[in-house]
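The following note is intended for a colleague reviewing the model.

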Amino acid sequence: MVSSLGKDLVGIEDLTAQQILSILNTAEPFKEISERRIKKVPVLRGKTIVNLFLEPSTRTRISFEFAEKRLSADTVNINATGSSVVKGETLVDTARNLEAMRIDMVVIRHGSSGAARFLAERIPSNVINAGDGAHEHPTQALLDLLTIRDQKGKIEGLKVCIIGDILHSRVARSNIFGLLKLDAEVGVCGPMTLLPQGIEVLGVKVFRRVEEAIEWADVLNVLRLQLERMKSGFIPSLREYNRFYGVSTARLERAPRDLLVLHPGPMNRGVEIDSAVADGPHSVILKQVTNGVAIRMAVLYLLAGGAPELAEAAKQGGEGEVP
Ligand code: CP
């Protein structure tokens, strides 16, 4: 069965505004499952899902696993060090061997941009991109959108500035696509060396000074420096970076009380964000994490063929299992 999202979720760039809203709306009834004493509904009973994480992850990997388990799917976790990937097995061979054991979905994180699409085009199982190189991290952007909508009541017309290492960030790309599709205004701010050349063509505003970005924005999404993707020479030092681009309490002093501060994690406290901001009144960072489980439940449910309008009924059990 082809779902309302198609076979796979590779990137936000591929989705329509309607599909994005459908995921956000489907996540709403699923939020409540995680607040129950017994956090389990039979929606994906009988489905087998492989979480293939070939790059480190805390939030995304655990959030997918919770989402799968709370929907009663059977899950298997594979990471690079514990698998035959270290012996030189290719991604496709790994996936084909998993398919030979009759799986339904693969959630993949990979260090190479394009890995999720490459896999999606070669196996019949549903593929969900949990972050591929500097390309996309669609479920992160979806949970960011849900968190912004929860707090602000809307996305359309909001001014959202993404601050930090835009060049190496799959989170930035997915957020830019999603926010623009939902008619937000998007700004980016960071050192010249960490902004993709010509990024304005995407329809975003570029800020050189973090103070200007903060003054303009309703929402800040603060990103970590992706040191693991940098060869060298992008910034003089972490101390310099913090001095010019760090989001600090001093810089937020004149910001309105309802300015939101998001961060996808992992945070480098004292570099891109100060602890007092990360743990302060503007921060919705842990709300993002909570919403991540509901968003991943929604994506799993929809890709498995669940109908958005039946999500509320589905979680009550009985007839709610997806075909
Ligand atoms: N936001 C995010 O992708 O975090 P992890 O790398 O811990 O999954």
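How many bridges join E5 to strand E6 (residues 185–189)? Five bridges join the two strands, which run parallel. The model is predicted: local features need pLDDT of at least 70, side-chain atom pairs count only at pLDDT 80 or more, and totals for chains, interfaces and linings use all residues. Residues are numbered from 1 along each chain as its sequence is written, and side-chain values use heavy atoms, with hydrogens and water left out.

1. Helices (H or I, at least four residues) and strands (E, at least two) are DSSP runs, numbered from the N terminus.

2. Strand E5 (residues 159–163) is mostly covered, with four of its five residues buried. Buried means under 20% relative accessible area, exposed over 50%, and partly exposed in between (1.4 Å probe, protein chains only).

3. **Asn-221.** This residue is found in strand E8 (residues 219–222). Asn-221 counts as buried because its relative accessibility is 2%. Leaving aside residues up to four places away in sequence, Asn-221 touches Asp-144, Cys-161, Ile-162, Ile-163, Asn-175, Leu-262, His-263 and Pro-264; contact means heavy atoms within 4.5 Å. The C-alpha atoms of Asn-221 and Ala-172 are separated by 8.7 Å, and the two residues are 49 residues apart along the chain.

4. **The four-strand sheet.** A further open sheet has four strands in the order E2-E1-E3-E4, with parallel pairing. Its edge strands, strand E2 (74–79) and strand E4 (126–132), each pair on one side only. The twist averages 15° from one strand to the next. Helix H2 (59–70) lies across strand E1 (48–53), E2, E3 and E4, running at about 175° to E1.

5. **Strand E3.** Six of the six residues of E3 are buried, so this strand is largely enclosed by the rest of the structure. In a regular strand the side chains alternate between the two faces of the sheet. In E3 both faces are covered: Met-105, Val-107 and Arg-109 are buried on one side, and Val-106, Ile-108 and His-110 on the other. Strand E3 (residues 105–110) is joined to E4 by five parallel bridges; Met-105 stands opposite Asn-126, and His-110 opposite Asp-132. E1 and E3 likewise pair in the parallel sense over five bridges, with Arg-109 as the bridge partner of Phe-53.

6. **The largest pocket.** On a 1 Å grid over the protein atoms alone, a cavity is a set of points where a 1.4 Å probe fits but cannot get out, and a pocket is an open set with protein on both sides within 12 Å along at least five of seven lines; lining residues have an atom within 4 Å of a point. Grid points are joined across faces, edges and corners, and a volume is the space filled by probe spheres set on the points. The largest pocket has a volume of about 370 Å³. Of its 20 lining residues, Arg-109, Arg-170, Arg-224, Gly-265 and Pro-266 are the closest to its centre. H2 and helix H6 (170–181) each supply at least two lining residues. The lining divides into five nonpolar, eight polar and seven charged residues. Here Ala, Val, Leu, Ile, Met, Phe, Trp, Tyr, Cys and Pro count as nonpolar, Asp, Glu, Lys and Arg as charged, and the others, Gly among them, as polar.

7. **The second largest pocket.** Its volume is about 320 Å³. Of the 23 residues that line this pocket, Arg-59, Leu-286, Gln-288, Val-289 and Thr-290 are the closest to its centre. H11 provides the largest share of the lining, eight residues. The lining of the second largest pocket comprises 10 nonpolar, 10 polar and three charged residues.

Note on methods:
Pairing = 2+ DSSP bridges. Axes fitted to C-alpha atoms, helices over the stretch in contact; angles between N-to-C directions.
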